[in-house]
Amino acid sequence: MTVDLPQDSAGSPAPPASAPGAGSVRAGRPAPSSESSQPQDLAVDRRWFLSRMAAVWAAAGAGVAVGGTVLASPAMATGGGSGGGPSWAGAYARTIRRAALEDPTELTVSEAAAAFRRGKLRPVDLMEAYLDRLGRYEEIYKAFLWRPTNAQLLAAARRVRIDSRSTPLAGIVTAEKDNYYTKGIPTTAMSPVYAGFVPEYDSTVHARMKAAGAIMMGKAAMGPLASGRARLPDGTATTVNAWTPDDIRYSPSGSSGGTATAVAGRLSTSGTGTQTGGSITSPSQAQNLTGLKPTFGRASLYGIVPLTFTRDHPGPLARDAMDAAIMLQSFAGPDRNDPRTLGMPPVPNLVKAASVYTHGGKPKVRWATTVGYPPDFLTGANAEILPMRQSLLDALAKVGCRVKEIPYPADWDLLSGLSSTAGEATNMFLPFLRKDVSLFSDRLPGFLNGMFRSSDNYMKMLQARYQFLRLVLDQIFDKCDVFLTGTVFDGIGLPLIAFPYGMGVDTTTGLPVPRGTTLGAPPFGEERLLAVVAAYQAVTDHHLRRPPDPTPPAAAGARAFSAPYKVPSDYDATDET
Amino acid sequence: MAAPTPPTDAELDTYIKIRYALIGIDLSTLPEEDPAAPMDQARVMANARSTVRQEVQYSDYVPDQQAHAAVLYPAPFAVWTGEYKP
C-alpha cells in the first residue's frame, strides 16, 4: 500500500495548488475585503506539522523530549493567525439575553463577563444561583466527584474584583474533569487506580484558569481512566445526561461526561475535558454543547492523568463557540513543563475568531471557507439525521461558506483504522497492572492488551498514522478548509469542534435528545473552526436550547427510570476515550 | 510452502498466560468466570485471544518502504548542530 504524493525538488510532498506550503498563501478565494488577516491554518507550514508529529511519535517510543528548539515552527518568526496573543476585547457579549439575566445559570461565559463588567450582576450572585441548582439537583445529576463547601465557593466569589485587568473568566464558575491535577484536592480519574491520590501541584490548565479568575465548582465525574461514561468500579452508572435527567439509561457520553452534564445542566458555566478518542466531542454532541479539541501541542498536558503520550488533548466543553474560544484562550500556549507545547506557532486571537462577523448587516463566516463533507455524510444518514445535515449545509452556505462533497481518499478506512491506542495505555499503567489488575475493573482488557503488540506492529501503527496525516493534509485539505469528520483526527493531532445541530429521539428511552456534529481542520485551524461555528450559531438557535429540569428527589417515584443501572457488558467505549 | 496451522484457543491461552507471568501480571484477583462481575478471567482471556489474532492481521498492512517523515529544508539536523538558526 502506498500513498502517492506530488514531490517538490527537495523530496518533500509539495503543497497542492490551492493549499498553503511554506509561507505560501492560499490564492483564488479572497477573504472579505474588510478582513485582511488570514487564519493561522494558512500561515503554518503543513510539512512542518507532519515533521513535528513524526517527531512526537518517535519520541513516544524513544522516551525523549520534543523541545522547542528542536522543531520550532517556522511560523514563529512571523506569527500568524488573526493577531498575536490573548485579547479579550471581543469576549464580552454586547447584548445579554433577558431570560439569562433572570436566571444567571443560563448565562454564557461571555454574557456573565459582560454582566459583571456592567455591574448588572456580581460573581457572588452567579455563585448563589449555581449553588441553588446544585442543592436541588446534584443528587440526581451526579456531575461532580468532589466539591468545595458552599461557604468556600461563596467566599471565593466574594473575593473576585472586576476591573480593567480582569479576564472574562474572572468569577466564572467552571467544572474540571477529575483527571486534571488540583493541588491538595483529590484527583482520581474516577478510578480505584488513583484512589486517595492528592496532587502536590496544579495541572497547567487548572493553574492558568485559576490565574484567569475562574472558580472551580468541583471535580467532574468522568469515564474511569478517561474511557466511556462515568460509572463505579462495579459498572453502576452514576452521572445522568442533563437532557434525560429522569432516565439514567441514556448515556451522558464520555469520558468528559461529568463536565458535559455540569455545563448542560447549568451547574457550571463552562468546563474542561480531555480527548484521546472522542472524549470532548462525543459528550458535547450528546449534551448540546460546543466542544473544542485543539491541535496536539496547543495546550499543555502537564498534570493531567495520561492515557497516551501521543494523542491526549485538553480542551473546553462550552455553551457556544465564543465560550470555547475564551476557555481555550485562557489556557493554551507553551508550557515549559510539557515539551510537546514548545516551538508551536503563537496562540492567535481565538476570541476575535469566534466573534460574529457581519457583512452587509448579516452574519458571515470571517474568512472565505470551503466546508467539505464526505460522500456518506448525506447518503449514510438515517431519516432523522438527514434533514439536520441538509439544514446544516444550507445554513453554512447562508453564512457564506462554500459547501462541497469531498471523496474519501483511497486507503482512508485502512489508515484511519490502524491508529489505535493499544500499547500506549499499557505502557502508562503497567506499574498499576502489576499491583492489582482488579483496579481496572471493566476497562482491564484495554489496558492489558498492549503487551501483545509487537514492536514491528507498533512501528506500523506509527507509520500508518504518519501516512494518514499526510493523506488528510494532501487529499482532503487540498480541497477544503474544514471537513465534517469524527474522531479519526484524534490520532493525528488535528483540531476538532463539536456543536449541536438539531434534536432527535433516543430509541431506548423515547426521549428527545440533542444531536451534534463535528468539524475538523488542518493544523492550528482552531480559529477557522471557531469562525465557522460562530457564524452558524449566529443564524441558528440549537445551542441556546436548555434541557428540562430533573424531577426533584422528593418525587423520585415520578422519574421514568431511577433504579441502579449497570452499564451493559457490551457497552462500547471505543469512541469515548 | 503451506501456511502454518493457526493456533488453537488452548495454545493461545498458554502463550497469553506465559506473557502475563513474565511481565508480572496476576489475574487471580479476578473471579474465574462471573458474568455479574465487572471483569473476570474468562473475559480477559477471550479478549486477549482476539487481540493476539487481530495483531497478526496488522501484518497485512505493508507500508511504503520509501515513505519517510517530511523533512523541512534546512533539515532539523542543521538546527540541532546550530548550523541553521530559524
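The following conversation concerns selected contacts in a predicted model.

Colleague: Before we start, what kind of model is this, and how are residues numbered?
Modeller: This is a predicted model, in which local features need pLDDT of at least 70 and side-chain atom pairs count only at pLDDT 80 or more, while totals for chains, interfaces and linings use all residues. Residues are numbered from 1 along each chain as its sequence is written, chains are lettered from A and ligands numbered from 1 in the order in which they are written, and side-chain values use heavy atoms, with hydrogens and water left out.

Colleague: Where is A:Arg319 placed?
Modeller: A:Arg319 is in the loop between strand E6 (313-318) and helix H10 (321-331) of chain A. Helices (H or I, at least four residues) and strands (E, at least two) are DSSP runs, numbered from the N terminus.

Colleague: Is A:Arg319 buried or exposed?
Modeller: A:Arg319 is buried, with a relative accessible area of 1%. Buried means under 20% relative accessible area, exposed means over 50%, and partly exposed lies in between (1.4 Å probe, protein chains only).

Colleague: Which backbone oxygens lie 2.8 Å from a polar atom of its side chain, that of A:Arg319?
Modeller: The backbone oxygen of A:Thr105 lies 2.8 Å from a polar atom of the A:Arg319 side chain, and the backbone oxygen of A:Leu107 also lies 2.8 Å from a polar atom of that side chain.

Colleague: What does A:Arg249 pair with?
Modeller: A:Arg249 forms a salt bridge with A:Asp247, and their closest N and O atoms are 2.7 Å apart. A:Arg249 is partly exposed at 28% relative accessible area, whereas A:Asp247 is buried at 1%.

Colleague: What about A:Glu526 and A:Arg298?
Modeller: Their side chains meet in a salt bridge of 3.7 Å, N to O. A:Glu526 lies in helix H18 (residues 526-539) of chain A and A:Arg298 in the loop between strand E5 (290-293) and E6 of chain A, so the pair ties together parts that are 228 residues apart in sequence. A:Glu526 is buried, with a relative accessible area of 0%, and A:Arg298 is buried at 2%.

Colleague: And in chain B, what does B:Arg43 pair with?
Modeller: B:Arg43 forms a salt bridge with B:Asp40, with the closest N and O atoms 3.3 Å apart. B:Arg43 is partly exposed at 26% relative accessible area, while B:Asp40 is buried at 2%.

Colleague: Now the helices: at what angle do H7(A) and H10(A) pack?
Modeller: Helix H7 (residues 204-211) of chain A and H10(A) pack at about 110°, with their axes 8 Å apart. This makes H7(A) roughly perpendicular to H10(A). Axes are lines fitted to C-alpha atoms, for helices over the stretch in contact, and angles run from 0 to 180 degrees between N-to-C directions. Angles under 35 degrees count as roughly parallel, over 145 as roughly antiparallel, 65 to 115 as roughly perpendicular and the rest as oblique.

Colleague: Which residues meet there, between H7(A) and H10(A)?
Modeller: A:Val205, A:Arg208 and A:Met209 in H7(A) meet A:Met327, A:Ser330 and A:Phe331 in H10(A); contact means heavy atoms within 4.5 Å.

Terms used. A polar contact is a pair of N or O atoms within 3.5 Å; within protein, one must be able to donate a hydrogen and the other to accept it, and residues adjacent in sequence count only if both atoms are side-chain atoms. A salt bridge is a side-chain nitrogen of Lys or Arg within 4 Å of a carboxyl oxygen of Asp or Glu.
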